[in-house]
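Subject: Structure handover

Hello,

Please find the structure below, sequence included. My notes on it follow.

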Amino acid sequence: MNIIPLPAFTDNYIWLLHDGVGALVVDPGDAQPVLDFLQREGLRLQAILVTHHHPDHTAGVDALREATGAPVWGPVRERMPEPLTRVTGGDHVHALGLDFKIMDVPGHTAGHIAYYCDQLDGAPLLFCGDTLFSGGCGRLFEGTPAQMLASLDTLAALPGATRVCCTHEYTLANLRFAMAVEPDNAALTNYFSACQSLRQQQRPTLPSTLTLELQINPFLRSRLPALMTAARAFDAQATDEVSAFGALRQWKNQF
């Protein structure tokens, strides 16, 4: 199976899986990159998966559905381009011969979901939308710090080998913030250098893995003493794990 991050807009990725014949896409904010790739590779689109309602993840859905007839799946509790099959945590989507488990991960938006395949070419695969980024997490547009922390805990409990397919190339900016929070993290410094090299070659930094993110991502590490201390230095009211997480997210907003 081929895993392709199709660039869109300034820093989006539309994830595309294909087996040489059929394809599925995740969060197509723009139809044209997908249609161009399908035509160039001679592929038939079989499924469209959507994680949340923001236009940079949904604006291409109608055009792709009309051009290909591909069915669409999306979250139960969010405004979506109709028609589609709505899914929620614990449901499964079967597409391209794969089984995706739906996970509820509110925080960035109120009804955000993720798609998890526990076995694809030897390792699990996660399409997490804007909940988890490499080195970061999504802004809390509709959810609370407690919700986002719980959602990230859900994702962090997946196998370490899980490939993390985020939908934005935010990695370098996230890592600059992470190094301000945790300046003595050698794994973080090394990863930043590797990602700089990739971007200089105009190559994506993604997918990441959960093992790596647990080593370098401050929003997955927010309960560690050093990060709790850093959060309190930013906001003296950050005295428990939820308020410390919220302080880190607010700090990142202002960084």
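**Largest pocket**

About 270 Å³ of space lies in the largest pocket. Please keep in mind that the model is predicted. The lining of this pocket consists of 16 residues, and those nearest its centre are F133, C137, R139, Y170 and R249. Sorted by class, the lining has five nonpolar, six polar and five charged residues. Helices α5 and α9 each supply at least two residues of that lining. The most comes from α9, which gives three residues.

**Helix pairs**

Two packed helices are described by the angle between their axes and the distance between the axes. Both values are given here for two pairs.

The pair α5 and α9 also takes part in the pocket lining. Helix α5 covers residues 171–181 and helix α9 covers residues 241–254; they pack at an angle of about 125 degrees, and their axes are 11 Å apart. On the α5 side, the contact is made by A173, N174, F177, A180 and V181, and on the α9 side by L248, W251 and K252. By class, this contact of α5 with α9 has six nonpolar residues, one polar and one charged.

The other pair is α1 (residues 31–41) with α3 (residues 61–68), which pack at an angle of about 30 degrees with their axes 9 Å apart. Angles under 35 degrees count as roughly parallel, and α1 and α3 are therefore roughly parallel to each other. From α1, the residues A31, V34, L35 and L38 meet A63, L64, A67 and T68 from α3. The contact of α1 with α3 has seven nonpolar residues, one polar and no charged ones.

Which peptide bonds are cis? P83 is found in the loop between β5 (72–75) and β6 (85–87). Another cis peptide bond joins L206 and P207, where omega is about 0 degrees. P207 is in the loop between α6 (186–200) and β14 (208–209).

L96 has a phi near 55 degrees, a positive value in a residue other than glycine. This residue, L96, lies in the loop between β7 (92–95) and β8 (98–104).

Regards

Notes. Residues numbered from 1 in each chain as written. Predicted model: local features only at pLDDT ≥ 70, side-chain atom pairs only at ≥ 80, totals over all residues. Heavy atoms only, no water. Axes fitted to C-alpha atoms, helices over the stretch in contact; angles between N-to-C directions. Helix = DSSP H or I, 4+ residues; strand = E, 2+ residues; numbered from the N terminus. Contact = heavy atoms within 4.5 Å. Nonpolar A, V, L, I, M, F, W, Y, C, P; charged D, E, K, R; others polar. 1 Å grid on protein atoms, 1.4 Å probe; cavity = no way out; pocket = protein on both sides within 12 Å on 5 of 7 lines; lining within 4 Å. Points joined across faces, edges and corners; volume = space filled by probe spheres on them. Parallel < 35°, antiparallel > 145°, perpendicular 65-115°, else oblique.
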